[in-house]
Amino acid sequence: GAVTAGDAITATTDGKLKKVTEFAQALGTKADLNTTYAGNMGLAYDPVTGKVVVLLRDTSSNVTAKVGTTNGTTVSWGTKQTISSGNDPVNCGFYNNVIVFVYRNSSKANLRVATVSGTTMTIGSELELTSSNAYDYSAFYNVQNARWIVGYKYSNNLKLVVGTVSGTTFTKGTETGMMSNKNWYKVIDMPSVNKICAFAVQKTS
């Protein structure tokens, strides 16, 4: 139906927007992920294993993560593990027991790969993506092309890197520019049509 101002909307698999008319409520019990401070967070779901991962910055300014297994509306979380001594913002992608973490550390965009057994991660070495500040991270696995896609804002431009993963090693291709001179970016996967979609926000005075 028609979409008017103030309506809740969602993106369809063919790249269109539609009005949300109903939400199915099935909420589980709240569980604490971190008992003290938790900064900017990223959350990803593995459609192959049904596991989830949450990435956050804790009180020690460390980027940490937990993997959880799901059963109905219950999540059983593993032990928190340190990904880096970096800072927020952060984000992550999760597919078939492989996690790609992207985050800012020492004013640079960095990436790490982890493999998962149960709820325990084996974390690889840090890979530098940019030489200075980057924000608005996205990370996901494109099933059709068997490639990981990472997006970030660098010098107010949207940059994409496509890569492959072997073990905990990420091999990246050449950085590609997609949009420029915007304040905020987000990249999502659209697997049913084998495309990606980029959103941008431009702040006006």
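Residues are numbered from 1 along each chain as its sequence is written, and side-chain values use heavy atoms, with hydrogens and water left out.

View 1. Helices (H or I, at least four residues) and strands (E, at least two) are DSSP runs, numbered from the N terminus. The chain has 205 residues, and 37% of them are buried. Buried means under 20% relative accessible area, exposed means over 50%, and partly exposed lies in between (1.4 Å probe, protein chains only). Take the contacts with a separation of 6 or more: 39% of them join residues 24 or more positions apart. A contact means heavy atoms within 4.5 Å.

View 2. The score is pLDDT, the predictor's confidence in each residue, from 0 to 100. Its mean over the chain is 82, and 80% of the residues reach 70 or more. Where pLDDT is low, the predicted coordinates should not be read in detail.

**View 3. T64 sits in strand β5.** This strand covers residues 63-71. Is T64 buried or exposed? T64 counts as buried because its relative accessibility is 2%. Leaving out residues up to four places away in sequence, T64 touches V54, L55, L56, D58, K80, Q81, T82 and I83.

**View 4. M121 belongs to strand β11.** M121 is buried, at 5% relative accessibility. Its contacts, not counting residues up to four places away in sequence, include A65, V67, Q81 and I83. Also among them are I99, F101, A114, T115 and V116. M121 and T82 are 39 residues apart in sequence. Their C-alpha atoms are 10.0 Å apart in space.

**View 5. Y154 is in strand β14.** The strand spans residues 147-154. Y154 is buried, with a relative accessible area of 17%. Which residues does Y154 touch, not counting those up to four places away in sequence? They are T130, S131, S132, N133, A134 and K159. A134 is 20 residues from Y154 along the chain, yet their C-alpha atoms are separated by 4.7 Å.

**View 6. K108 and E128 form a salt bridge.** A salt bridge is a side-chain nitrogen of Lys or Arg within 4 Å of a carboxyl oxygen of Asp or Glu. Here the closest N and O atoms are 3.4 Å apart. K108 lies in strand β10 (residues 108-117) and E128 in strand β12 (residues 127-128), so the pair ties together parts that are 20 residues apart in sequence. A search of the whole structure finds one salt bridge. K108 is partly exposed, at 27% relative accessibility. E128 is partly exposed too, at 40%.
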